[in-house]
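The following note sets out points for a colleague who wishes to examine this model.

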Amino acid sequence: MSYLVSTKGRYALRVMLDLSNHPDIPVPLKEIAERQNISLKYLETIMPCLKEAGFVTGTHGKGGGYRLTRPADSYTVGEVLRVTEGSIAPVACLDNGYVCERAGECPTLPVWRKLDSLIKGYLDTVKLTDLAAENPPDNYMI
């Protein structure tokens, strides 16, 4: 398992940003794929994670598409990445459920805990609307 943010996490953020620009209408996945220059097939693997987490809702058929379930300013980068990545821990020993037999004597553990705290502290404060304010619509390069 890699602890870097994957393409899936980066693309999920781009999808969420795209949807935040269209709060009042369902957006077809094909349109998002075209605007974001992401494969439709790849987006089809990301959307179930976002939908299962309750971040988006989807409707089928003519006039269908995806919408955010909450206002864009209520989503943080941290929560989107946790849903798509599973973990945003910088090292395996801080991942939930991992038991390190050396934790009690590890001289580097305090460094990793501090880094983990900084990463999560930052990502949990950055909202979708913060990213949207820094980037022009339809041109997200995360």
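1. A residue is called buried when its relative accessible area is under 20%, exposed when the value is over 50%, and partly exposed in between. By this criterion, the buried residues of helix H2 are Leu29, Ile32, Ala33 and Gln36. These residues cover an arc of only 100° around the axis, which puts them on the same side of H2. Lys30 and Glu34, on the other side of H2, are exposed. The cover over the buried residues of H2 includes H1, H3 and S2.

2. The structure is a predicted model, and the remarks here should be read accordingly. The chain contains six helices and two strands, and their order along the sequence is α-α-α-β-β-α-α-α. Along the principal axes, the C-alpha atoms fill a box of roughly 60 × 30 × 25 Å.

3. Of the 142 residues in the chain, 35% are buried. Among contacts with a separation of 6 or more, 66% are between residues 24 or more positions apart. The chain exposes about 8,300 Å², and 55% of this area is supplied by carbon and sulfur atoms.

4. Which residues have the most contacts inside the largest nonpolar core? They are Met16, Leu19, Leu43, Leu50, Val56, Leu68 and Leu128, in a core of 30 residues. Two or more residues are given to this core by each of helix H1 (7-20), helix H2 (29-36), helix H3 (40-52), strand S2 (65-68), H4 and helix H6 (128-134). H1 provides the largest share, seven residues.

5. Leaving aside residues up to four places away in sequence, Val56 touches Met16, Leu19, Met47, Leu50, Lys51, Tyr66, Arg67, Leu68 and Thr69. Met16, Leu19, Leu50 and Leu68 are also listed with Val56 among the residues with the most contacts inside the core.

6. Helix H4 spans residues 77-85, and its buried residues are Val77, Gly78, Val80, Leu81, Thr84 and Glu85. Viewed down the axis of H4, these buried residues fall within an arc of 165°, so they line one face of the helix. Gly86 follows H4 and has a positive phi, near 90°.

7. For context, most residues other than glycine have a negative phi. Is Asn37 buried or exposed? With a relative accessibility of 71%, over the 50% cut-off, Asn37 counts as exposed.

8. Ala92 belongs to the loop between H4 and helix H5 (109-123). Its relative accessibility is 28%, so Ala92 counts as partly exposed. Ala92 and Val56 are 36 residues apart along the chain, and their C-alpha atoms are separated by 29 Å.

How values were computed
Residues are numbered from 1 along each chain as its sequence is written. This is a predicted model: local features need pLDDT of at least 70, side-chain atom pairs count only at pLDDT 80 or more; totals for chains, interfaces and linings use all residues. Side-chain values use heavy atoms; hydrogens and water are left out. Helices (H or I, at least four residues) and strands (E, at least two) are DSSP runs, numbered from the N terminus. Buried means under 20% relative accessible area, exposed over 50%, partly exposed in between (1.4 Å probe, protein chains only). Contact means heavy atoms within 4.5 Å. Accessible areas come from the Shrake-Rupley method with a 1.4 Å probe; for residues, only the protein chains shown count as cover. The arc is that of the directions from the helix axis to the C-beta atoms. A nonpolar core is a set of buried Ala, Val, Leu, Ile, Met, Phe, Trp, Tyr and Cys residues joined through side-chain atoms within 4.5 Å.
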